[in-house]
Amino acid sequence: MIRLNEIHEKILSYNPDADLDLINKAYVFSAKVHNGQVRMSGEPYLIHPMEVAGILASLKMDVPTIAAGLLHDTVEDTWATVEEITDLFGKEVADMVEGVTKISNITFNTEVAKQAENFRKMLIAMAKDIRVIIIKLADRLNNMRTLEHMPEEKRESIAKETLDIYAPIAHRLGIYWLKSELEDLSFRFTKPEFYYRLSKLVAKSRKERERYVHEVEHILTETLAKEGLKAEVTGRPKHLYGIYQKMEKSNLDFEQVYDITAFRIIVEAVKDCYQALGIIHTTWRPVPDRFKDYIAMPKTNMYQSLHTTIIGPKGERVEIQIRTRDMHTVAEEGIAAHWKYKEGKLLETKEDITFRWIRHLIEWQQDLKDPESFMQFVKVDLFPDEVYVFTPKGDVIELPVGATPLDFAYAIHSDVGNHCASSKINGKIVPIKTQLRNGDTVEVITSPTAHPTRDWLRIVAASKTKAKIRQWLSKEEREESRKIGRELLESEFTKFNLDFSKFVNSSEIHKYLSDANLKNIDSLYSQIGYGKLSPLQTIKHLIPIDKLKEQRPQTDSTISKLFKLVARKSSTAVKIKGMDDILVRFAHCCNPIVGDSIVGFITRGRGITIHTASCPKTIELDPERKIEAEWHAASNILRPVKIMVTGMDKPGLLAGITNSISTLGVNIIRASVAPDRNQKSTLMFEIAVKDIHQLREVVNSISKIKDVTNVERILSGEAP
């Protein structure tokens, strides 16, 4: 347990004039209100806020933030109130405590709509005072360090939440050591078998690795010194989760991962960084496409360094980062290294860039009412990799990796993007789906007849670009649906020998619009055009039924023909809100099974297509066409689902898996096996299951088989 005097020493090391009385006062109050409370480990609860304060002091946070860290659980877990905190410690500290309390009450779960709403709340709390989220990160780090004391059934969900939400936020704020520790701790509880296996392999090679590190440090230091460059050289192993990600991404065994150690060179000035790079590249051969200049073009979180990979001593690949002392401070401490606080507001506008992504997300979420779209955009922006390109005038534009000229066009202006016809990269005309690379000079060619299509959503990478394309498409589709809806309604009036123009401005229409919660007559046309309302339903609400019966239509209306075309008794075990006898089909992209959270999309002429609520393809579909869907309670149908099993390529593995599936009474539709060079096998099965519970039984049963390393459900392919 950290002691109060140790927290004092940390604070005074970077802030000699700190008001330690406020820290002492917060400590005494926290000890008083938490008295008698214990953690899951059986230790006094006070240990937790003390450790959080210690982490904040390590981040060199200001005194009010550390005081708020000591008090962060008092409102949530004790009799203390926000008003009392305000009276004793001031509004600044109280606001931070209240902000952390609100974030702590946010629960992330698998229901996308709730998760999106909760993330919106967190973003707003972050936007008001960034220190709130830094306290929460310190709180989460200490909780992850003691996660083994939590009930076993809660550990994995907490670890997954940390990996999905909090570690990426730490990365976005530039606090890399905190991000790395959160990832490793989450890795331990989300994939324990891989974590412990990798830990043993790293420990086994530690002595040899340490010897190699010392040797390379000595060689680099001497090489730079010979050229008159004074530098501090250190080597450090990559964190376990980083090694695991590299193994998974490149399908490598541990023995094949050579660059598990990164070397850092710290010099005095920026010019020394480039001099050191030149010395290293003339001494050892650089690996192509592995050089990045984050000094000339810093990351959005202010990170600066030169990154290169060389074929170093003994022919091994060596990753090297070169930076100044100031850059190193920013890299280690992130946002805390450059921000000064006054009630959580930035005083130095130069660093405002770090905070920009939060404000952008808040702006975009106002246009993204669809929770699935919002969560996808959040994930893209939490895991950024940037590419830097130039305009013809030499201005630098920052885009995510994978960006295309379309992303570039929309980054210039929405109108440029909406009318992008073609593009030039480095003077050559290229397709608009060409991926951009660092240093490209990009020029956009526009045309008044060019406009966005749904295909554009598949070839752009930036969240903001997708939002703008979706906005344009929605506007166009609303206009098209409005026209179709008006034609259908007018046609239906004609069939009943009714005067359409008479009813358009009638009091009956306005009352109906009010009752149906529709803004205006155009909203009614749109609903009919989308297929959410039928013209016949509308007429029945406007005209007394007895009068309507007197006017029999001569022929079927257009909408009647449409619904006759697609209407049939559903045998899919799915209920559609407000519709009966409508054709329902399942999307091939996500293959929903009974028990999945589902949503329907109206498809003109083809009824309703059912997707899982979390299916990424739903982002490309118009939210206006979305309709609520659910499974019938007594549904009893079999649905195909694909699972992928990975394991060691040993005799009997396939037989064991098929036997495990058959024992549960589940039919195997098809199976395939693909061994690789590393004595591993990937086995694909398509099985027919009753519901999500039966699928979980199958997955759990296969997971217990010796030599099986992973079992997961996979998507079936592209949506039709």
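A nonpolar core, as used here, is a set of buried Ala, Val, Leu, Ile, Met, Phe, Trp, Tyr and Cys residues joined through side-chain atoms within 4.5 Å. Buried means under 20% relative accessible area, exposed over 50%, and partly exposed in between (1.4 Å probe, protein chains only). With that in hand, here is the core story: the largest nonpolar core has 58 residues, and Ile 11 and Ile 66 have the most contacts inside it. Helix 9 (residues 130-145) gives the most to this core, with nine residues.

A word on provenance. This is a predicted model, where local features need pLDDT of at least 70 and side-chain atom pairs count only at pLDDT 80 or more, while totals for chains, interfaces and linings use all residues. Residues are numbered from 1 along each chain as its sequence is written, and side-chain values use heavy atoms, with hydrogens and water left out.

Back to Ile 66. Contact means heavy atoms within 4.5 Å. Skipping neighbours within four places in sequence, Ile 66 is in contact with Ile 7, Ile 11, Tyr 14, Ile 23, Ala 53, Leu 56, Ala 57 and Met 61. Apart from the 58-residue core lies another core, of 24 residues, among them Leu 277, Ile 279, Ile 310 and Met 327.

Now the overall build. Helices (H or I, at least four residues) and strands (E, at least two) are DSSP runs, numbered from the N terminus. The chain has 30 helices and 22 strands, and 50% of its 720 residues are buried. Of the contacts with a separation of 6 or more, 67% are between residues 24 or more positions apart. The chain exposes about 35,900 Å², with carbon and sulfur atoms supplying 50% of it; the areas come from the Shrake-Rupley method with a 1.4 Å probe, and for residues only the protein chains shown count as cover.

Because 14 of the 16 residues are buried, helix 9 is largely enclosed by the rest of the structure.

Helix 16 (residues 325-333) has Met 327, His 328, Val 330, Ala 331 and Glu 333 as its buried residues. These pack against helix 11 (176-190), strand 2 (261-267), helix 15 (270-283) and strand 6 (317-324). Just after helix 16, Gly 334 takes a positive phi of about 65°. Over in helix 11 is Lys 179, which is buried at 16% relative accessible area and touches Ala 167, Ala 170 and His 171, not counting residues up to four places away in sequence.

On to the rings. Rings of Phe, Tyr and Trp (its six-membered ring) pair if their centres lie within 6.5 Å; planes under 30 degrees apart count as stacked, over 60 as edge-to-face and the rest as tilted. The structure holds eleven aromatic pairs. Tyr 241 and Tyr 244 form a tilted one, 6.2 Å centre to centre with 35° between the planes. Both lie in helix 14 (residues 240-250), three residues apart, about one turn of the helix. Tyr 241 is buried at 13% relative accessible area, and Tyr 244 is buried at 10%. Together with Phe 187, Phe 194, Tyr 195 and Tyr 196, they form one aromatic cluster.

Two charges sit over rings (NZ of Lys or CZ of Arg within 6 Å of the ring centre and within 35 degrees of the ring normal):

| Charged residue | Ring | Distance to ring centre |
|---|---|---|
| Lys 25 | Phe 89 | 5.4 Å |
| Arg 639 | Phe 586 | 3.9 Å |
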